[in-house]
Amino acid sequence: MKRVASRSASSCSMAANPTIVLLPAWGVGHFMPMIEAGKRMLQCSSSGALSLTVLLMPAPTAQAASDIAAHVRREEEEAGAVDIRFLRLPPVQLPTDHTGVEEWISRIVQLHVPHIGAAVSALACPVAALVLDIFFTPALDVSRHLAVPAYVYFTSGAAMLALLLRSPSLQDEVDGEFEGAVDVPGLPPVPPSFLPETLLDKRSPTYTWFLYTGRRYMEANGIIVNTAAELEPGILAAIAEGRCTIGVRAPTVYPIGPAISLRSPPAEQPHECVRWLDSQPRSSVLFLCFGSKGMLPPSQVHEIARGLERSGHRFLWVLRGLPVDTTTGARDPTDAKLAELLPEGFLEKTKGRGLVWPTRAPQKEVLAHAAVGGFVTHCGWNSILESLWFGVPMLPWPLAADQHLNAFVLVHGMGVAVPLEMDRERGNYVEAAELERAVRSLMGGREEGVKAREKAMEMMRACRNAVEQSGSSHASLQRLSEELVGGAVLPKRGSTTYTTSAQPDHVSPHV
């Protein structure tokens, strides 16, 4: 039975089945995977045993609000037998004095805690879990106050989870800045150049928010991770054994991935990029795409163009323009003006073997196409999972957040990528000659590229097997669903005053 957003917060399914309350972030790279994971939890539970309630925080930008609204409409139209409802939370005043995205997001969630608590406590049915996005740990105060189970939905991979859990002990072990390689159990020693930028500046308040998040994960009943046991076995084992939390048992981890929706919006005909790929030889095209927020300065665009031209290989390049609004959360790329961004004569010189696309492109459909043989990616975790799902090897070009650590995992953990040398101090700058070398290695049949291609195909089989009924992720989902049904409770009623756990400003970095 479909439940639409206009229903009151107290509504639950007619049979008062327990509901899983999802609290996703507004970015499509977080929102859509969490919704997909929630639907899979329902599918693995006994018929009709659970429902979904999604709490929608107002998105901070018009573009994000439009993207989320479109996705909600599709979910409502396609709900069918899925019992899902969307409830909108009131707006809050967004903080403007933050030092990084982790701080900004966490403080927004803090402001929403009373609204989240009111929505959950008003539900007339038992609550199986409050499921939080990666940096939404202030909402754990709601689960404690209302005595409902809480789980973190981790939208990145197990490596980033291990680092977050490890970060409080790293704070005690390392005085000052990181100089040598960092011990992240389950991984080879990680050079500081592959750590998130947040960890590289211990004087920044957003660093203390990162530690705060790692500490508060220990309060959760469990952590749901969008990975498969076969993709990151050593890291998942290290977390389970307490090696990331120095002997203290971490919450149970449920690897349920890849949780990616393979549905495409209805279209009268294939996208122009897909039609162009139809005319290209099998596995001959290098796909370059830097994510929904990915954009590069003009000087770097020129280096990419020179590298692609010299490589001699076919390419499909999604090139976006710089944003109009550069405030936090609003850095949405614009459609690229190719004549202004690209070197003079580049389009003519590469005509026939290259296509530069100046706006959004259907990434999953492109990666699924037989003509695509490699992927230059910003190393967002969703993009990585999509590439692995279709068996496409990668050239990792991380830009921010967890992406540098993800790039390290692709090369040194999974072996599905050819490394791309960059200058992080120059904004992750890659010289044309280095891009040319890496493209030739991946696409030209050299040993390094052949090994990455073979490993990518191996990981494709692992991903697809994991979500089958006999697979590891399906089994993990079943265990999780059984725990959710068995742990469902009616939220406590009464006081609406929330006691907040120790704030990040209680963390004093060693500097």
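Reply: The model is predicted, so local features need pLDDT of at least 70 and side-chain atom pairs pLDDT 80 or more, whereas totals for chains, interfaces and linings use all residues. Numbering starts from 1 along each chain as its sequence is written, and side-chain values use heavy atoms, without hydrogens or water.

A pocket is an open set of points on a 1 Å grid over the protein atoms alone, where a 1.4 Å probe fits, with protein on both sides within 12 Å along at least five of seven lines, and lining residues have an atom within 4 Å of a point. Of the 16 lining residues, Ser193, Phe194, His404, Met422 and Arg424 are the closest to the centre. By class, nine residues of the lining are nonpolar (Ala, Val, Leu, Ile, Met, Phe, Trp, Tyr, Cys, Pro), four charged (Asp, Glu, Lys, Arg) and three polar (the others, Gly among them).

Elsewhere in the model, seven strands form an open, parallel sheet in the order S3-S2-S1-S4-S5-S6-S7, where pairing requires at least two DSSP bridges. Strand S3 (84–88) and strand S7 (252–255) stand at the edges with a single partner strand each, so one side of each lacks a neighbour in the sheet. Strand S6 (residues 222–225) pairs with S7 over four bridges, and Ile224 has Tyr254 in S7 as its bridge partner.

Technical notes:
Helices (H or I, at least four residues) and strands (E, at least two) are DSSP runs, numbered from the N terminus.
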